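Here's a quick briefing to read with the model open beside you.

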Amino acid sequence: MKVLGLCLVAGLSVSGCVSITNNGLPMGGIEDIIEGNTGPIVTQYPVETALLNIYTRSRSETLYAVEDDQQIVSEIRVTPKGVMSFDGKSLQAAETSYVITSNEGSFNESASTNFFTLNPVRFYGFTNDSGEYSIANQTTTMPKIAKIGDSSALITENVYSDSSKRKLIDKFSQAWSLSQASRNTAWFCMNTSGNLLLDSQAADVSSHCYKINAKGDLLDSKLTLSEPTNNGVKTITYTRK
């Protein structure tokens, strides 16, 4: 799942909770002014529903970044695949595909199929078009509702060169966090470590954040990738236009 392919196949309908501060000031600041948000401040959000919305339903999004004066376009598509066999189990599956292009004409395409159960929501691993085979250890349960400021570890994942699982080539962890975006929206972020088999300063890290509302709907998205270079850490942020 390396920009995590936790792709699930159904959604839960859970409403968020709201509260109002004593002074009624907008927690989202400039975003509230721009978006014209008024009313109560939402302090709790259905993060399990958001997670399911991110990784389960047929959807696509296009994100843009600029690197070395070149525009990079990343197209992400999620396609549910129904029940499939993985690691000796019958599990739900969904494919996440990535197509990355630049205005220089360079092109990169990849896809992974991710495996999970819905009740309980648990992730088991992925395979990809390079033949890699991942086994996930979900260390905590994703709560149905979380408060602004909440965060938790979620998964540790071992990635092998193939399904024989003889050669371990990558190991990473993933956590989630929830922060206020505006009075009635939040940034729900999935934060992925670099390869834990490497020196921590030599590993890439990523954070894919989704702006959600009190129903767990996906309103916006941004992806931040950080990679080490000889001159320090290089960060690229992809956003919707």
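What follows is a short tour of the fold, the cores, one hairpin and some side-chain pairs.

This is a predicted model, so to speak: local features need pLDDT of at least 70, side-chain atom pairs count only at pLDDT 80 or more, and totals for chains, interfaces and linings use all residues. Residues are numbered from 1 along each chain as its sequence is written, and side-chain values use heavy atoms, with hydrogens and water left out.

**Overall make-up**

- The protein has two helices and 15 strands; these are DSSP runs numbered from the N terminus, with helices being H or I of at least four residues and strands E of at least two.
- Of the 241 residues, 41% are buried (buried is under 20% relative accessible area, exposed over 50%, partly exposed in between, with a 1.4 Å probe and protein chains only).
- Take the contacts between residues at least 6 apart in sequence, and 53% of them join residues at least 24 apart (a contact means heavy atoms within 4.5 Å).

**Nonpolar cores**

- The largest nonpolar core has 24 residues, and Trp176, Leu178, Phe188 and Ile212 touch the most other members (such a core is a set of buried Ala, Val, Leu, Ile, Met, Phe, Trp, Tyr and Cys residues joined through side-chain atoms within 4.5 Å).
- Elements giving two or more residues to this core include β2 (41–45), α2 (47–55), β11 (168–182) and β12 (185–192).
- Helix α2 gives the most to this core, with six residues.
- Leaving aside residues up to four places away in sequence, Leu178 touches residues including Tyr45, Val47, Ile148, Trp187, Phe188 and Ile212.
- Another core lies apart from this one, with eight residues, among them Leu63, Ile72, Ile76 and Ile236.

**The β14–β15 hairpin**

- Strands β14 (residues 218–229) and β15 (residues 232–239) run antiparallel and are joined by eight bridges (strands pair if DSSP finds at least two bridges between them).
- Two residues sit between β14 and β15 in this hairpin.
- Lys222 has Thr239 in β15 as its bridge partner.

**A buried serine**

- Ser182 is in strand β11 and is buried, at 0% relative accessible area.
- The Ser182 side chain makes a polar contact with the Thr185 side chain at 2.6 Å (a polar contact is a pair of N or O atoms within 3.5 Å; within protein, one must be able to donate a hydrogen and the other to accept it, and residues adjacent in sequence count only if both atoms are side-chain atoms).

**Salt bridges**

- The whole structure holds eight salt bridges (a side-chain nitrogen of Lys or Arg within 4 Å of a carboxyl oxygen of Asp or Glu).
- Lys144 and Glu48 meet in one of them, at 3.1 Å from N to O. Lys144 is in the loop between β8 (133–138) and β9 (146–147) and Glu48 is in helix α2, 96 residues apart.
- Lys144 is partly exposed at 47% relative accessibility, while Glu48 is buried at 7%.
- Glu61 pairs with Arg240 in a salt bridge, with the closest N and O atoms 3.3 Å apart. Glu61 is in strand β3 (residues 59–67) and Arg240 is in the segment after β15, so the pair ties together parts 179 residues apart in sequence.
- Asp87 and Lys165 meet in a salt bridge at 3.0 Å, N to O. Asp87 lies in the loop between β4 (70–86) and β5 (89–102) and Lys165 in the loop between β10 and β11, so this pair links parts 78 residues apart in sequence.
- Shared partners join Arg59, Glu61 and Arg240 into one salt-bridge network.
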